[in-house]
Amino acid sequence: MDMPYINECAVDMCSYNVGSACHALAITVGDPPHAQCDTYFITSFKGGDQASTGQVGTCKMTDCRHNSRLKCRVRGIAVGPGREAADCLTCSPR
């Protein structure tokens, strides 16, 4: 199974966000019961691989309809402000 891409990240303050694109090699989503981006953090410089688009490596939201064995099954997700600073906006409860 291919890892889903992060199609958009609206959390400009994140160190992996450049131009609304995530450049982390892979993120982890969730710490139930909340679908936050566990990879999100703020620092004084931008990180990641600027030539790559971030992907979802692991999803801990087992109650999400897109989750199968801790893997996200959609082609892409959106990350943005939600309950926390950076949330998976694609997460959808079963």
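Visitor: Leaving aside its neighbours within four places in sequence, which residues is Val29 in contact with?
Guide: A word first: this is a predicted model, where local features need pLDDT of at least 70, side-chain atom pairs count only at pLDDT 80 or more, and totals for chains, interfaces and linings use all residues. Residues are numbered from 1 along each chain as its sequence is written, and side-chain values use heavy atoms, with hydrogens and water left out. Taking contact as heavy atoms within 4.5 Å, Val29 meets Ala35, Gln36, Val56, Thr58, Cys59, Lys60, Met61, Ile77 and Cys88.

Visitor: How many residues does the largest nonpolar core have?
Guide: Such a core joins buried (under 20% relative accessible area, 1.4 Å probe, protein chains only) Ala, Val, Leu, Ile, Met, Phe, Trp, Tyr and Cys residues through side-chain atoms within 4.5 Å. Val29 is among those with the most contacts inside the core, along with Ile6, Val11, Ile27, Val56, Ile77 and Val79. The residue count of this core is 21.

Visitor: How much space lies in the largest cavity?
Guide: The structure holds 2 cavities of 30 Å³ or more, a cavity being a set of points on a 1 Å grid over the protein atoms alone where a 1.4 Å probe fits but cannot get out. Ile6, Ile27 and Val79 are among the residues lining the largest one, as are Tyr16 and Tyr40. The space in this cavity is about 80 Å³.

Visitor: And how much lies in the second largest cavity?
Guide: Here Val29 returns, as its lining includes Val29, Val56 and Ile77. Cys59, Cys64, Cys72, Cys88 and Cys91 also line the second largest cavity, as do His66 and Thr90. Its space is about 70 Å³.

How values were computed
Buried < 20%, exposed > 50% of the residue type's maximum accessible area, 1.4 Å probe, protein only. 1 Å grid on protein atoms, 1.4 Å probe; cavity = no way out; pocket = protein on both sides within 12 Å on 5 of 7 lines; lining within 4 Å. Points joined across faces, edges and corners; volume = space filled by probe spheres on them.
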